[in-house]
Amino acid sequence: GGVARMDGAREVGAEHASERGSTEAATESEPVALKAGRSAELALKSAGGSESGDDTEAYDPYDYFSGADLEQLEQALSGSSVLLPDLGAMKKRGQKSLLSLQAAASNRRGELKSALHARRAEIRRKIEQPNFVLTVDKASFVLFIILLMVTELVILTAPRKMYVLYSVIILPLMLARYYTYKKDKFHYFMYDFCYFAQVVLLVSLYAMPANTSIAQLNFAVANGPLAWAVVLWRNSLVFHSVDKMTSSFIHLLPPLVTFSLRWDDYLATRTLPRVYENLGDGVSDAGAGTISIVVQIMRRFLLYPLLAYILWQLLYLIKTEIISRRKLETDPEIMTSLRWLTKDPRSFSYRVITCLGPERKTAAFVLFQCLYTLLTLIPTPFLWHSMLAHALFLAALFVVALVNGASYYFSVFATRYMDKLASRSGQSQREKSDHGASQVANGSEKGSQKGSGALQNASTETSITSETTDATATS
């Protein structure tokens, strides 16, 4: 019996040995990656069998992998470390390509910017040519004359549409003024009260056309501070100057708009107006007493416009004395109304504004502006109650602007304009002569390299060109 048991054990051992040998033979022919997968499966089975209590043989990876397999695994793992320097080199090449692209884009932007600046300089040079200036001035002269004729036509035939013509004229002029004033650092003039009044008038004409109180406020402002500014600022009808005509239209068109809206009934029916309308016409009820009517007139033509002026003055001081104070202090070339009126110590405006001392000139400027606004508002109730007085007032303003324009044309323009054209023409001739002389000089240099005969011809041409240049400069 003992011998039989020993023989059975040998047979079982032989079977296990044959199975292990066949497994090793099979695994030796498999790839290393596949062996690693099988090793993981066996490890899981071994762990599962030990947990369930089965008599599964414990997994040993060294029994499954041979020495050659372990060497192959080490070589594969070491190959991943070889790839790291390749990835670093690829990253450096990518960064280098990106930097080169950025540099090329920057160079291209620089070239485009230089070309744009050169183009602008060329356009500016052509614009400053005398022929171009003459053409623009002629076109401006004709255009503004036509605008005055169209304005008269609209007032006489369709007075209620005058505000439409006003909008069509004033908006482009204000945009053009801001563009030109911004370049010359005069754009702070556009924070003045007259521009504030334009905005209020435009908004009320389209947003609140039926509001009587707002309409009377606009009437008082347009025929008060704005209208009298024609006299104060010496606005002139200089038809070839866009800048001067813009200033005149800013101060003359709002009174014309309020005139057409106030007296549209008389204008539409072509009837002669009465010398004076009933007291309180369009201001208070018909049955109101005299004192009540006077109070309403004082409120609508003096108090409300003065409050609007005070609101603008507060906004203006916040802008110039708080928000832009440092900017104005660091850049004295930025022109404001206060700087304009006090730039000449010998002028009357300088003596008036600095009467309280140079350190209080801002306070004095605000005070005198407020007094000016109040004084110019006082006549507006009389203009509201008399079409005849209103028409004569506007006619007087146009006469003042025409007289100022005539004085400019015959006292200033006749000499200054021709001198300016002569200087520009001389500058253009000098540029052409310098360009011609440089070309001849380049030709003489090339001729000197070819021979003495060519040098003699080039020198002769140079002398002829210089004589021509002298004659041109003299003429």
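How exposed is Cys 355: buried, partly exposed or exposed? Cys 355 is partly exposed, because its relative accessible area is 46%, and the scale runs from buried (under 20% relative accessible area) through partly exposed (in between) to exposed (over 50%), using a 1.4 Å probe and protein chains only.

Before going on, a word on where this comes from: the model is predicted, so local features need pLDDT of at least 70 and side-chain atom pairs count only at pLDDT 80 or more, while totals for chains, interfaces and linings use all residues. Residues are numbered from 1 along each chain as its sequence is written, and side-chain values use heavy atoms, with hydrogens and water left out.

| Residue | Relative accessible area | Class |
|---|---|---|
| Cys 355 | 46% | partly exposed |
| Cys 370 | 27% | partly exposed |
| Asp 331 | 19% | buried |

As for disulfides (pairs of cysteine sulfur atoms within 2.5 Å), a search of the whole structure turns up zero.

Now the overall picture. The protein chain has 18 helices and zero strands; these are DSSP runs, H or I of at least four residues for helices and E of at least two for strands, numbered from the N terminus. Of its 475 residues, 31% are buried.

At its start, a side-chain oxygen of Asn 211 comes to within 3.1 Å of the backbone nitrogen of Ser 213. Further along, helix 8 has a kink of about 25° at Ala 222, shortly before Pro 225; the bend is the angle between axes fitted to the seven residues ending there and the seven starting there. Just after helix 8, Arg 234 has a positive phi of about 55°.

Leaving aside neighbours within four places in sequence, Asp 331 is in contact (heavy atoms within 4.5 Å) with Lys 185 and Arg 339.

Key: A polar contact is a pair of N or O atoms within 3.5 Å; within protein, one must be able to donate a hydrogen and the other to accept it, and residues adjacent in sequence count only if both atoms are side-chain atoms.
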